[in-house]
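Good morning, colleagues. I would like to take you through one structure today, starting with its ligand and moving on to its sheets and backbone.

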Amino acid sequence: MKPLIPFLLSLSALLVSPATSGAPAGLPNIVLIYADDLGYGDLSCYGATKIQTPNIDRLASQGRRFTHAHATSATCTPSRYALLTGSYPWRRSDAKILPGNAPALITPGTPTIASVLKSAGYATGVVGKWHLGLGDNDLDWNGDIKPGPLEIGFDSCFLLPATGDRVPCVYVENHRVVGLDPNDPIRVSYGKPIGSEPTGRANPELLKYRPSHGHDMTIVNGISRIGYMTGGQAARWVDEVMADVFAMRADDFMERHRSEPFFLFYSTHDIHVPRMPHPRFAGKSGLGFRGDAILQFDWTVGKVMATLDRLGLTENTILIISSDNGPVVDDGYEDGAKAKLGGHTPADGLRGGKYSAFEGGTRVPLIIRWPARIQPGVSPALVSQLDIPATFAALAGQRAPIGGFPDSRNASGAWFGNDARGREHVIEHAANGRLGVRTAKWKYIEAGPGPAMNPNTETELGNSESPQLYNLETDPAETRNVAASEAATLEELKSLLARIRGK
Ligand code: NG6
Ligand code: CA
């Protein structure tokens, strides 16, 4: 038996750890900064001229900036589900925008980016927006909040549980609401009103700004939300300092794990509604709250870059920024975003936006900086956030776990600049479940019911009773449906979608 043990040990070291030393040292740190609702045209390095994002521009000049990168979906929950699990969210029916009291969508045992990196020896943490559900049904916010990130591979979490516009408006750290007074328990309802606190509907005079559609329930910090909550007064967040709170937590995580490989999923509330950035950004963009929130996001990115510099970790850290879906201007509050656009084009001429099957729904900024391995440049390769899990796993020397990351492919060729083409296709997933397929040249949107336009957000949704086909090379704004004249291409893309769907 004896000689076998060292042999088995070295074999398992080979399987588990890719580092030549046999130890995790040398593995790159990974910081994935995930913006909320940031559009393809919202950054100056992507061509915006009415707003300047100097920190992100600097990041872009030091890394690879993708011009054809996609989130899997045009809304938050499904994109995040895909980002963490490497599975198409439309393969299940419940990966949709979740209420703030939804149970955990990703159940313990599901392989995730975090669990795979953790088994490669990484310290793993998430700071910021979650919106993937927490706990089981009927979660008691006053007790242990689980399952959640800690049950799917994160060592630590500091969360905005759902969205900034949804109750409960409290932070969750690991399994507990932060700063909760047990004598003032939290209750949450997405059905009947509970408690006697003022609501946006009954007491609009108490608001910092009014809702434009929905968002007229419990008022927290002068902003009315989706859903009702009572209690937890001492634990409630203050929107104006949320970005600072997350920045401090992110900093703390990097500092604490500076001597070991770490993975930080830093998921900002910016630039989602309610947009209420710190007063130091107020009025600075000239584009109102939405523009000021973009400046705050840029500040967030700059802060991470400065921390990595200070810790001497810049060279071997993969720093990624992207967004969970395309832009929206009025998403439910009268924050003046539309009136103050001032010629700014959040989707840079792409049709549609958040919620939409058109390109504006899922084509988003993506910048990847890794000084040690990635040459700076701009890439036209077609890439998807769906491939982030398999790529991270490969870079950490891990095989995708059995049954894990089923739809995710290693995209390191495109990341390193060796592959200017990228994926053969990406599947685009609109808020109502409608799917589209895009290739380098074509965009097909399946036929189906639904309004052409959301009158509240003024988004063109891409619904049509007839199939749509656009030539993105000659018509990137998807204005001329050529389904009739390009029947062969239409059939090809239809059967491709059927094949992928059936897998
Ligand atoms: C919608 C909300 C919108 C936003 C979105 C989720 C209304 C009328 N609209 O239902 O404001 O919260 O959900 O956005 O309630 S996401 O980026 O998290 O997907
Ligand atoms: Ca979003």
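**The ligand and its surroundings**

Of the 19 residues around ligand 1, those that come nearest are C76, D165, R166, D331 and K354; a residue counts as near a molecule or strand if one of its heavy atoms lies within 4 Å of it. Before I continue, please note that this is a predicted model, in which local features need pLDDT of at least 70 and side-chain atom pairs count only at pLDDT 80 or more, while totals for chains, interfaces and linings use all residues. Residues are numbered from 1 along each chain as its sequence is written, chains are lettered from A and ligands numbered from 1 in the order in which they are written, and side-chain values use heavy atoms, with hydrogens and water left out.

Let me turn to the polar contacts, meaning pairs of N or O atoms within 3.5 Å; within protein, one atom must be able to donate a hydrogen and the other to accept it, and residues adjacent in sequence count only if both atoms are side-chain atoms. The side chain of D165 places an N or O atom 2.7 Å from an oxygen atom of ligand 1. For R166, the corresponding distance from a side-chain N or O atom to an oxygen atom of the ligand is 2.8 Å. D36 has a polar side-chain atom 3.4 Å from an oxygen atom of ligand 1.

How much of the accessible area of ligand 1 does the protein cover? On its own, ligand 1 has 450 Å² of accessible area, and the protein covers 84% of this, by the Shrake-Rupley method with a 1.4 Å probe. The shell around the ligand consists of 5 nonpolar, 7 polar and 7 charged residues. Here Ala, Val, Leu, Ile, Met, Phe, Trp, Tyr, Cys and Pro count as nonpolar, Asp, Glu, Lys and Arg as charged, and the others, Gly among them, as polar.

An open, mixed sheet is formed by 10 strands in the order 6-5-4-3-11-1-12-13-2-14. Its edges are strand 6 (176-177) and strand 14 (377-384); each has a single partner strand, so one side of each is left without a neighbour in the sheet. Strands are DSSP runs (E, at least two residues), as are helices (H or I, at least four), numbered from the N terminus, and two strands pair if DSSP finds at least two bridges between them. Strand 1 (residues 29-35) runs parallel to strand 12 (residues 317-323), with 7 bridges joining them; N29 has T317 as its bridge partner.

A further open sheet, antiparallel, has 4 strands in the order 15-16-17-20. Strand 15 (426-429) and strand 20 (468-471) are its edge strands. Strand 16 (residues 435-438) and strand 17 (residues 442-445) pair over 3 bridges, and V437 is partnered by Y444.

**Backbone details**

The peptide bond from V167 to P168 is cis, and P168 sits in the loop between strand 4 (156-160) and strand 5 (172-173). Another cis bond, with omega about 5 degrees, joins D270 and I271; I271 belongs to the loop between strand 11 (262-267) and helix 6 (288-310). Finally, H131 has a positive phi of about 60 degrees although it is not a glycine.
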